[in-house]
Amino acid sequence: MSLITDSAERTLRVDYLARVEGEGAMYIKLSGNEVQDVRLRIYEPPRFFEAFLRGRAFTEVPDIAARICGICPIAYQTSGARAIEDACGVAIDDGPIRDLRRLIYCGEWIESHALHVYALHAPDFLGYQSMIELAADHPQVAEQGLALKKTGNRLVALIGGREIHPINMRVGGFYRVPSRTELLALRDPLQQALEQSLATVRFVAQLPMPDVTRDFEFVCLRDGELYPIDRGRIVSDRGLDIEPAQFARNIVEEHVQHSNALHARIRERGAYLTGPLARYNLCYDQLRPLAREAAAEVGLDRSCRNPFQSIIVRAVELVDACDEALELIERYEPPDRPALEVQPRRGVGHGVSEAPRGMLYHRYELDDDGTILDARIVPPTSQNQLAIEEDLRAVVDRYHDLDDEELGLRCEQAIRNHDPCISCATHFLQLTVEREDPSPVAAELG
Amino acid sequence: MAGATRAPAKSVVVIGVGNNLRGDDGAGLAAAARLRGEPGIQVRTSAGEGIDLLAMWEDAGAVLLVDAVRSGAPAGTIHRYDVSDEPLPSSPRRPAGHAISTSDAIELARQLGQLPAKVVVFGVEGGRFETGSALSPAVEAAIEPLVAAVATESRRLLADARLRAGSAS
C-alpha cells in the first residue's frame with residue numbers, strides 16, 4: 001500500500017490485492033472521516049461469452065459455459081442446462097439425474113467454500129497475509145482446509161469427468177453416470193469431510209469478528225423442502241417471490257463507467273445481496289438438522305446481518321453440503337438412461353442455480369433447430385457489486401479511526417466477505433483509499 | 001473417470017501451468033503438450049489454481065513446473081529456479097489471476113512438509129497476457145528450447161533416481 005499525498009488529498013493505494021479470484025480495483029475517497037465515493041472497479045476486459053454462445057447449438061451450452069469459471073463451473077453448467085431444458089419444455093426436478101446434479105454441486109460447494117474459508121478469508125481474521133503464514137502457526141488447520149478441498153475436487157472429478165471445467169454434464173443430464181460402487185468409494189472421504197466441516201465451524205466461530213450490521217435485501221432461490229442449490233423460485237426478504245422467467249422484469253443490469261461488469265439492482269429498489277448470507281437468512285429452515293445444530297452450537301443466530309460472519313455461514317454450508325452428499329450417495333441407484341432426451345424447439349428458457357458465491361441466472365432464446373439466437377448470463381459477483389460497495393461505506397464509517405494500513409486491510413477483508421469472482425463477472429484487484437486529510441504513511445501489501 | 005493418472009511413487013512429474021486463452025499465459029501448457037510421451041515422466045496440466053498443485057504432486061519424487069512469468073526480462077527469456085530449498089524470487093511471478101499463485105502453493109507445501117524433494121520451476125517470460133491472443137512470436141520461439149531444457153532435466157533426474165536405486169540395492 002503506498003500513500004501519495006498532495007496538498008489537498010491523501011491517496012492510499014493497494015496495487016495488487018491478493019486472495020480474490022480475478023482482477024479488479026477498489027477506490028475509496030474520504031474527506032476527513034466522511035466517505036465521499038466508493039467504487040469496485042472491475043477492469044478485467046469483457047469476455048463476450050454471451051456473444052460466443054450466439055449461433056452455437058443448444059447442446060453446446062454446458063461445455064462453453066463451464067469455461068467461464070474454474071472455481072464454479074458446475075454452477076454455470078447447471079444454470080445453463082436448466083435454461084435450455086426450460087426452453088425445450090423439459091424439467092429435471094426429481095429422480096436420480098437431479099440427485100446427481102445436486103451431488104456434483106455439493107462437491108463444488110465443498111471445494112469452493114474450503115478454498116475461500118481457509119486460503120482466502122481466514123488469514124484476514126488472524127492478521128496473516130496468506131494461508132502460508134497461517135500454515136506456519138496452525139499447520140493442522142491448513143491441512144484440514146486442503147483435505148476438504150481435495151474431497152470436494154474428487155466428488156466433482158468423479159461425476160464431472162475432471163475437476164476443472166468438467167466435461168460430463170450435458171443438456172438433459174450426463175454423458176455417463178457413475179456406478180453405485182464408484183460413488184460409495186467417496187463415502188469415507190465425505191464422512192471425514194463432514195467431521196472436518198464441523199471442526200471448521202468451531203474454528204471460524206472463534207475468529208475475532210469485526211462488528212458491522214447491514215440492512216441488506218437478501219435474494220436467493222427457494223426450493224420446496226431442500227436448501228437452495230440447483231433450482232427454485234427467486235425470493236427476497238422484501239417481498240420478491242418470482243419464477244426465474246421473471247428475473248429480467250424485476251432485476252435490471254446497468255453499465256457503469258468504472259467497471260467492466262454490469263451492476264445489477266432490483267428495479268425501483270436498488271442493491272441486494274445474494275450468496276451464503278442470503279441463503280442462510282432466507283432458507284435457515286431448510287438447512288439439514290446437523291448444519292442447524294452446528295450453527296446453534298457456536299451461537300450463530302438464525303438471522304445474521306454482519307457480512308464478516310459470512311465465513312461462519314460458509315462453514316455451516318460445508319456441513320450441509322457434506323451431509324447431503326452422503327445421503328445422496330447412500331440412496332443412489334443409477335438412472336436407466338444417463339440423460340433425458342431434449343428436443344429443440346423455438347422459444348426462450350430461464351435457468352437459475354446457487355453458485356457457492358450466489359445466484360447465477362441464464363436465459364437463452366432458441367431457434368427451431370436449437371440454434372442459440374440470444375444468451376444472457378448474470379453472475380453472482382455483478383449482482384453483489386453494489387452491495388459490496390455499500391458494505392465498504394459501512395466499514396469505513398464504522399472503522400474510520402483506524403490508521404490507513406489497518407483500514408485498508410479491513411476494507412480488503414470486507415470485499416472478501418462476499419468471495420467475489422471477478423473473472424466470472426468479467427481479473428488484479430487494486431485498492432485505492434483517498435483521504436483529504438494528509439498523513440504520511442506508506443507500506444507495501446502483499 | 002478421467003482424473004490424473006497416478007504416477008508411480010517417486011516419479012518425475014511435469015506440470016504445465018497456465019491458460020491458453022490468455023496469450024503467453026499458455027506457454028506452460030504448450031510446453032507440456034510437447035512433452036507428452038517423453039519416457040519416464042508424467043505430464044499434467046493445471047489451469048492455474050495453485051492450491052490444487054499440492055494434490056497434483058503428492059505422489060511425485062520430483063516436480064518440474066512450467067509456467068509463464070513476468071519479471072521485466074525480454075519476452076521469451078527462459079528462467080530456471082530450483083525451489084527445492086528456497087522460494088521463488090519474488091519478482092518473476094506469474095500474473096496471478098487466481099487466488100493462490102504457483103509460488104504460494106510451493107511455499108504452502110514447504111510449510112506443511114508436502115513439497116517433493118526436488119522442485120524446479122521453468123518460467124518463460126511472457127510478453128502479452130490479453131484474453132484470447134495466441135502466443136507472442138518471442139514466446140512461440142522459446143517453446144522448443146524450453147521443452148529441450150525440461151526434457152534434459154527430467155532425464156537427469158531419472159538417471160539420478162536410477163543411480164540411487166542401484167546403489168541402494
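Two strands are taken as paired if DSSP finds at least two bridges between them. In this predicted model, strand E3 (residues 24-31) and strand E4 (residues 34-41) of chain A meet that condition, with 7 bridges joining them in an antiparallel arrangement. E3(A) and E4(A) form a hairpin with 2 residues between them. Gly32(A), in the turn, has a positive phi of about 65 degrees.

**Chain A: a three-stranded sheet and its helix**

Chain A contains 15 helices and 15 strands, and 53% of its 446 residues count as buried. Three of the strands make an open sheet in the order E7-E8-E9 (chain A), with antiparallel pairing. Its edges are strand E7 (219-222) and strand E9 (241-242) of chain A, each of which pairs on one side only. Strand E8 (residues 233-236) of chain A is joined to E9(A) by 2 bridges. Across that pairing, Val235(A) stands opposite Asp241(A) in E9(A).

Helix H10 (residues 276-283) of chain A packs on this sheet, where it touches E7 and E8 of chain A. The direction of H10(A) makes about 55 degrees with that of E7(A). How many of the 8 residues of H10(A) are buried? The count is 6, and the helix is mostly covered. The buried residues are Pro276(A), Leu277(A), Ala278(A), Arg279(A), Tyr280(A) and Cys283(A). Their cover includes E7, helix H12 (310-331) and strand E12 (347-355) of chain A.

**Confidence**

For the complex, the predictor gives an ipTM of 0.81 and a pTM of 0.88. Chain B has an average pLDDT of 85, and 85% of its residues score at least 70.

| Part of chain B | pLDDT |
|---|---|
| Helix H1 (residues 27-35) of chain B | mean 95, the highest among the elements |
| Helix H4 (residues 137-168) of chain B | mean 88, the lowest among the elements |
| Residues 1-9 of chain B | under 50 |
| Residues 91-97 of chain B | below 50 |

For residues 1-9 of chain B, the model has 15 contacts beyond four places in sequence. Residues 91-97 of chain B have 23 contacts in the model beyond near neighbours in sequence. Where pLDDT is low, predicted coordinates should not be read in detail.

Terms used: Residues are numbered from 1 along each chain as its sequence is written. Chains are lettered from A and ligands numbered from 1 in the order in which they are written. This is a predicted model: local features need pLDDT of at least 70, side-chain atom pairs count only at pLDDT 80 or more; totals for chains, interfaces and linings use all residues. Helices (H or I, at least four residues) and strands (E, at least two) are DSSP runs, numbered from the N terminus. Two residues are in contact if their C-beta atoms, placed from the backbone, lie within 7 Å. Axes are lines fitted to C-alpha atoms, for helices over the stretch in contact, and angles run from 0 to 180 degrees between N-to-C directions. A residue is buried if 20 or more other C-beta atoms lie within 10 Å of its own, exposed if 12 or fewer, and partly exposed in between; C-beta atoms are placed from the backbone. pLDDT is the predictor's confidence in each residue, from 0 to 100.
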